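Please read the following report alongside the sequence and the coordinates.

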Amino acid sequence: MGTETIDKTQILTGKDLIKVLLVEDDAVDRRTVERILADCPWPVEFVIESAGSLSEAVECLGSKRHDIVLLDLVLPDSSGVETVQRVSEINPHIPIIVLTGLDDEGTGLLAIENGATDYLIKDQSLDKILIRTVLYALARKKETENWWRTFDAISDLVFIQDKDFTITKANKAFAEAINSKPQDIIGKKCYEVLHNTSTPWPGCPYQKTHADMKSHTEEINDPLINIPLLVTTSPILDDNGNLIGGVHIAKDVTEQKKAEKLILDTNLQLRETSQKLLNAKQELEKKNEALEKAHKELETRVEERTAELSKANELLKKEIAERKQMESYLRASEANLRKVIVGNPDGIVIVDKNGIVRFVNPAAESLFGREDKELLGETFGFPMVLDETTEVETIHKTKGIVIVEMRMVEIDWEGEISYLASLHNITERKEAEEKMKKAMEIKSEFISMASHELRTPLTAIKEGVRLVIQEQTGKLNDEQKEFLGIVKRNVERLARLINDILDFQKLESGKMDVDMQKNDVNEIVKEIKETMTPLSSEKGLNLIIELDDSIPIIKFDKDKITQVLTNIVNNAIKFTEHGSVTISTTKGDNDNIIQVSVSDTGPGIKNEDLPRLFNEFEQLAGGNERKTGGSGLGLAISRKIIKKHNATIWAESEPGKGTTFHFVLPIKERRRKPRD
Amino acid sequence: MSVVFKEKMQTKKILVVDDEPDVVRILSKSLMTDGFEVVTAYDGLECLAKVENEPPDLILLDNIMPNMDGQAVLKKLKASKETEEIPIIMVTALADEKDIASAQKGGAIEYVVKPFDYNVLLKQIKQSLKSKCKSVKPG
């Protein structure tokens, strides 16, 4: 039994050396205590330090470590509960056992209320219970210490509060978490400390615990603490199940939160990603559909194309065959062309744009009397006049001067702009022309001379006959008159013939010019009427004029037009036996011309004869030409004169009814020089 | 008789120049019949001599003649103060435009081509004499 007790003591206190501070001013009492402790039956050694006053005790407590204080309440410098309070202030954790006098148990209880661990009455019982009390106090202290150690060891933030929200205990983690010390928190309302409010915080789960006396957990993000907390409040109940307080455990869930957030974020991302994937998938499906469609279309097109291609291929084959055919034709035609060029009697020379000879055909070679190798690469040397015929002289090696008619055109020769000169030897033609010209001149001179030579004797005959017939040389009998009349008529006819021949000759050789002056056509017609009326009256014909007064004054050669009109009217009178001859003037259809017409009531002219009317020396067969004594040149001369006026003359006729001759004169002068 | 008297009072002297005697003869006969005094010449030089000795009122002048042709005679007469006023009618077989033009330029009052119509020629002679009188008076 004894050893067991010893073991238990040690386990209880955990010590084998106990340092005791004995605060006792009474020496007797002091020795008593010392003796009791020294006589301790258990294997525990007490080291006692004594203090005779409170000030001494305070000093001792400050300088050394003690396990327990034995305190007399009545000291020279202190008494009563105050003493306990003072010691407690200095070392709050040290167990204090108060030693009181005999009849002072009330003071002992008061001392416990103020921080003492126990109290003992200084009497005979002290012997028996002092050590036990000391050991129990130490054991209790160890237990409390252990509890606190455990409490503080909890990493969660823990505090204990009473039912009125007053904090009674708080662990180290909690105090540190709110940057405070446990002693500063104890006794304060939890909501004051944690939420800085004057009434319980509505979000706190302790409210619920308070109401239903069950544990509750809430997640709290307190701005004061600034860390996410998972708070669990659990009720502390008495034996009757009444609430006396609660445990408030807050767990730092920062990491958890982070993790949660991470999970959440990840989840979110996952969801987004999955959505995207879904979208992508849908798009892909769509594309796939489109692709499929496109593919089908493509297939259709490919089929179509293939069909087209094979068709094209057929065509191509056909074309190739045709080309081959064409090529052979081409070759043949090329050969033919070559023959044409080589065989062409005209010289062909191709000249490049620098005037260098690039090609000559055999005709060109013989034209120059030189071979192609001599000519190729030489300068052409003739003026390059395009699209006009020019005459050039070239020198033949042996024949001398050759006259060539040249015509040049632009061509594409071996991909370059070049010129093709076509050379026609006109030397012989030129010579012939020269000869012809000379012959014409001789003819012209002859006619001119002949007519001059004829004129003089004719004048003598004509005037001589006139003198006789007018009986200026004596009276004539009727027969003499008749025959001299024949002479006179024929002389006059001869005179007209000579005049006509001369006129025609002049017109043909270009020796006759027209003298264009402003004149009135109507005046000319009136003059003609006057001069021709005796002739028409002689035949019993009416000479009528119908004039358009609105015709303008125009430029023409008065003498020549008079000659033309005289000729036509003279013809009309000559060929008409009965009726009338009418001269009329009108404005032409388009206001640009004046038209003069001479109509007769003669026998008319057959249609097939009309075109020959204006030819020289053309006298209509079967007519009474012999009777009328024309030269056959009148209308030819008239046509030439009208042509000189850039005008036209023509005839219309209906056999049996009459003939109408028309000529028109231009109102406006033409700039162009007449060709004849 | 009064007509004869009148004509005598107005008798004009015409010089007919032509190397063809037949033409000169016929023209002389015709003109005299119509009351003119006629002087004749058969070449250019003779013409000039006649003009000097017997100044005419008008000259009918042939062109192609020996001893100075009509063109030269015309030029000579028109160059001299005493003779430039005498009207000259060319009566010729030359019918070329250039001959006519040069005669007109040289001062010939008319140009008549053979064979002529005597009545027309007569008209021209009378007209030329009239215009000569007119042009002389103001001068």
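Leaving aside its neighbours within four places in sequence, with which residues is A:Gly579 in contact? The residues in question are A:Gly540, A:Leu541, A:Asn542 and A:Thr601, where contact means heavy atoms within 4.5 Å. This is a predicted model, in which local features need pLDDT of at least 70 and side-chain atom pairs count only at pLDDT 80 or more, whereas totals for chains, interfaces and linings use all residues. Residues are numbered from 1 along each chain as its sequence is written, chains are lettered from A and ligands numbered from 1 in the order in which they are written, and side-chain values use heavy atoms, with hydrogens and water left out.

A:Gly579 belongs to the loop between α17 (558–575) and β21 (580–587) of chain A; here helices (H or I, at least four residues) and strands (E, at least two) are DSSP runs, numbered from the N terminus. Its C-alpha atom is separated by 7.7 Å from that of A:Asp600, which is 21 residues apart from A:Gly579 along the chain. A:Gln161 is part of strand β8 (residues 157–162) of chain A. Leaving aside neighbours within four places in sequence, A:Gln161 has contacts that include A:Thr166, A:Ile167, A:Thr168, A:Cys190 and A:His248.

The table sets out the accessibility of these sites, where buried means under 20% relative accessible area, exposed over 50%, and partly exposed in between (1.4 Å probe, protein chains only).

| Residue | Relative accessible area | Class |
|---|---|---|
| A:Gly579 | 38% | partly exposed |
| A:Asn91 | 24% | partly exposed |
| A:Gln161 | 1% | buried |

Helix α3 (residues 54–63) of chain A has A:Leu54, A:Ala57, A:Cys60 and A:Leu61 as its buried residues. Because they cover an arc of only 120° around the axis, they lie on the same side of α3(A), the arc being that of the directions from the helix axis to the C-beta atoms. On the face turned away from this buried side, α3(A) carries the exposed residues A:Glu59, A:Gly62 and A:Ser63. The cover over the buried residues of α3(A) includes the strands β1 (17–23), β2 (45–51), β3 (68–72), β4 (74–75) and β5 (78–79), together with α4 (81–90), of chain A.

In chain B, helix α3 (residues 44–53) has B:Gly44, B:Cys47, B:Leu48 and B:Val51 buried. Their arc around the axis is only 95°, so they are placed on the same side of α3(B). Elements that cover these buried residues of α3(B) include β1 (13–17), β2 (37–41), β3 (58–61) and α4 (70–79) of chain B.

**A pocket and a cavity**

On a 1 Å grid over the protein atoms alone, a cavity is a set of points where a 1.4 Å probe fits but cannot get out, and a pocket is an open set with protein on both sides within 12 Å along at least five of seven lines, while lining residues have an atom within 4 Å of a point. Grid points are joined across faces, edges and corners, and a volume is the space filled by probe spheres set on the points.

The second largest pocket has a volume of about 720 Å³. Its lining counts 23 residues, of which A:Pro92, A:His93, A:Thr144, A:Glu145 and A:Trp148 lie nearest its centre. The largest share of this lining, eight residues, is supplied by α6(A).

There are three cavities of 30 Å³ or more, and the second largest cavity has a volume of about 40 Å³. Among the residues that line this cavity are A:Phe165, A:Cys190, A:Tyr191, A:Trp201 and A:His248. Helix α9 (residues 190–195) of chain A gives the most to this lining, with four residues.

**Chain B as a whole**

Chain B contains six helices and five strands, which follow one another from the N terminus as α-β-α-β-α-β-α-β-α-β-α. Of its 139 residues, 44% count as buried. Among the contacts in chain B between residues at least 6 apart in sequence, 60% join residues at least 24 apart.
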